[in-house]
Amino acid sequence: MADKNQRKKRRDDYTPPPRSRSDLAREREWERERQRAALPPLPQRRLIATVLAIAALCGGGFLFFLLPSQERVADLRENGVLVLAEVTSVTTNKYGEVGNVGVRFSGPGGQVETELVEWGGKLPDGLRQGAQVPVTYAPEDPNLVMTTAWVQDPPGMTLPMIIALLLAPLALLAGVLMTVRRRKLLKEYARLAPA
């Protein structure tokens with residue numbers, strides 16, 4: 001019986017023989033490969049470029065809606081002529097939003113029939129066909145006409161402006177974060193690269 005206990009002790013005290021350098025190097029390489037496989041995929045450059053382009057387009061869209069509208073209002077405030085116009089047509093889309101608003105008024109060369117100019121992607125609500133509305137037009141271009149209320153006090157922000165203004169910084173932030181993440185992942189890939 002003593003012989004059995006001695007054998008059991010020997011098995012419990014077993015230590016594996018030292019491994020060779022090549023085995024250790026292979027195990028390190030396997031561990032690196034396992035860590036590389038666990039890394040998330042790299043954000044692609046074309047995706048980052050696309051997101052940054054969207055940010056630039058949204059910023060440009062905001063300026064596209066804001067700057068011409070402010071220029072028109074400033075021009076009409078300086079040189080505009082105030083008249084009473086008759087609304088000749090009002091179109092709406094399927095959501096009930098105002099489309100084009102046609103007006104007729106007496107201009108410098110006789111009767112002028114044109115459409116109201118929008119402000120920042122928006123046209124005035126509440127106008128109906130046949131109604132009389134005060135408008136201001138540019139004498140050198142009678143087709144540039146806005147309601148007098150909008151010339152005196154234009155809307156602050158319109159829906160297209162707000163959407164563009166919100167999307168531009170969000171897309172820019174997403175592009176910057178993806179760029180930073182790509183750089184960090186590239187450093188990790190380089191650290192785990194085979195020696």
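## The pocket and its surroundings

Two elements, strand 2 (98–107) and helix 5 (159–191), each contribute at least two residues to the lining of the largest pocket. Helices (H or I, at least four residues) and strands (E, at least two) are DSSP runs, numbered from the N terminus. Please keep in mind that this is a predicted model: local features need pLDDT of at least 70 and side-chain atom pairs count only at pLDDT 80 or more, while totals for chains, interfaces and linings use all residues. Residues are numbered from 1 along each chain as its sequence is written, and side-chain values use heavy atoms, with hydrogens and water left out.

The volume of this largest pocket is about 260 Å³. A pocket here is an open set of points on a 1 Å grid over the protein atoms alone, where a 1.4 Å probe fits, with protein on both sides within 12 Å along at least five of seven lines; lining residues have an atom within 4 Å of a point. Points are joined across faces, edges and corners, and the volume is the space filled by probe spheres set on them.

Which residues line the largest pocket? They are Glu97, Val98, Gly99, Glu118, Gly121, Lys122, Leu123, Asp125, Met157, Thr158, Leu159 and Pro160. Sorted by class, the lining holds 5 nonpolar, 3 polar and 4 charged residues. In this scheme Ala, Val, Leu, Ile, Met, Phe, Trp, Tyr, Cys and Pro are nonpolar, Asp, Glu, Lys and Arg are charged, and the others, Gly among them, are polar.

## Overall form

The protein has 5 helices and 5 strands, and from the N terminus on they follow the order α-α-α-β-β-β-β-β-α-α. Its C-alpha trace spans about 125 × 35 × 25 Å along the principal axes. The radius of gyration is 36 Å, whereas a compact globule of 195 residues would be near 16 Å; the value is taken over C-alpha atoms, and the globule rule is 2.2 Å times the number of residues to the power 0.38.

Of the contacts with a separation of 6 or more, 71% join residues 24 or more positions apart; contact means heavy atoms within 4.5 Å.

The UniProt record (an unreviewed entry) places the feature "transmembrane region" at residues 47–67 and 159–180. Such annotations may be inferred rather than shown by experiment. Residues 47–67 are 100% helix and 0% strand, with end C-alpha atoms 30 Å apart. Residues 159–180 are also 100% helix and 0% strand, and there the end C-alpha atoms lie 32 Å apart.

Buried means under 20% relative accessible area, exposed over 50%, and partly exposed in between (1.4 Å probe, protein chains only). By that rule, 29% of the 195 residues are buried.

| Residue | Relative accessible area |
|---|---|
| Ser69 | 2% |
| Val112 | 12% |
| Arg182 | 13% |

The contacts below leave out residues up to four places away in sequence. Ser69, in helix 3 (residues 45–79), touches Glu118, Trp119 and Gly120.

Val112 belongs to strand 3 (residues 110–115) and touches Val103, Arg104, Phe105, Gly107, Pro142 and Asn143.

Arg182 sits in helix 5, in contact with Leu42, Pro43, Gln44, Arg45 and Ile48. Although Arg182 and Ile48 are 134 residues apart along the chain, their C-alpha atoms are separated by 9.5 Å.
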